[in-house]
Amino acid sequence: MYLAASEEAISSMLAVEREGKQVPIHFVSKALQWPEFKYLALEKLVLALVYAARQIQRYFQAHKVDFPTSYLIKQVLLRPEKSGSLAKCAIELGEHDIHYHPRTSIKAQALADFLVEIPDTIKGVPTTISVDPLEPEADKKLWKLYTDSTESKEGSGADVILQNPKGEEITYALRFDFQVSNNEAEYEALLAGLKSAKEVGAKQLAALSDSLLITDQINGTYEAKDLRMQKYLDAV
């Protein structure tokens, strides 16, 4: 398990040893809430570990998890009296077989660091990413992107699912902290999905949206007469 934290986001990556190489099998990334911005780096890493244990609980319950780190996380969790939040984390993590040891090789750490970039537009919504990079021919096959705008009392947002040729999914949610129409939300979701597809190296992509207006504009059936819609169309 590898962890990374920035000022506004935390991420983790679970890897498995295969033929002497570490292969990433699951990612978890989350934007922090405003009070969490003030956490110390060590506290953010502990929080990242807690969220990972919740999101991929089946792995933590079924296997021993090795956690290489240059922080004294084990020592802090053994004596968390100075922080109520750390005490709760210590109790929650205590049920798992986690082995902490000094980090001697970063190996796949760069991938976890990269994931911190993902939640820039996400406001407190957990992000789960699960990919298997072992299929070198995957780039030559069709990926599928599903997008859908959402609305709730907390505001507007969108759901994005990117599916690789093996049927495995990259899923995450967006919540917008600015005013958008339904069509703008659809475009925002599509752009986020396209960015994600580009990052994972997808070469062939089928984008599926429930917005007839958006799909017809992109396919050239309808014109984007509104200036904002034209800018979104140009971006796509």
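This is a predicted model: local features need pLDDT of at least 70, side-chain atom pairs count only at pLDDT 80 or more; totals for chains, interfaces and linings use all residues.
View 1. E92 belongs to helix α4, which covers residues 84-93. When neighbours within four places in sequence are set aside, the residues in contact with E92 are V50 and R54. The C-alpha atom of E92 also lies 8.9 Å from that of A53, although E92 and A53 are 39 residues apart along the chain.

**View 2. Helix α1, residues 41-55.** The 15 residues of helix α1 reach 21 Å from the first C-alpha to the last, which is close to the 21 Å expected at 1.5 Å a residue. Because 12 of these 15 residues are buried, helix α1 is largely enclosed by the rest of the structure. The buried residues of α1 are L42, E43, K44, L45, V46, L47, A48, L49, V50, Y51, A52 and A53, and one of them, V50, is in contact with E92 of View 1.

**View 3. Crossing of helices α6 and α7.** The axes of helix α6 (residues 182-199) and helix α7 (residues 212-219) come within 9 Å and cross at roughly 60°, which means that α6 is oblique to α7. This crossing of α6 and α7 is right-handed. On the α6 side the contact is made by N183, E186, Y187 and L190, and on the α7 side by L213, I214, Q217 and I218. Sorted by class, the contact of α6 with α7 comprises five nonpolar, two polar and one charged residues.

Definitions and conventions
Residues are numbered from 1 along each chain as its sequence is written. Side-chain values use heavy atoms; hydrogens and water are left out. Helices (H or I, at least four residues) and strands (E, at least two) are DSSP runs, numbered from the N terminus. Contact means heavy atoms within 4.5 Å. Axes are lines fitted to C-alpha atoms, for helices over the stretch in contact, and angles run from 0 to 180 degrees between N-to-C directions. Angles under 35 degrees count as roughly parallel, over 145 as roughly antiparallel, 65 to 115 as roughly perpendicular and the rest as oblique. A crossing is left-handed if the near helix is turned anticlockwise from the far one by less than a right angle, and right-handed if clockwise. Ala, Val, Leu, Ile, Met, Phe, Trp, Tyr, Cys and Pro count as nonpolar, Asp, Glu, Lys and Arg as charged, and the others, Gly among them, as polar. The expected span of a helix is 1.5 Å times one less than its number of residues. Buried means under 20% relative accessible area, exposed over 50%, partly exposed in between (1.4 Å probe, protein chains only).
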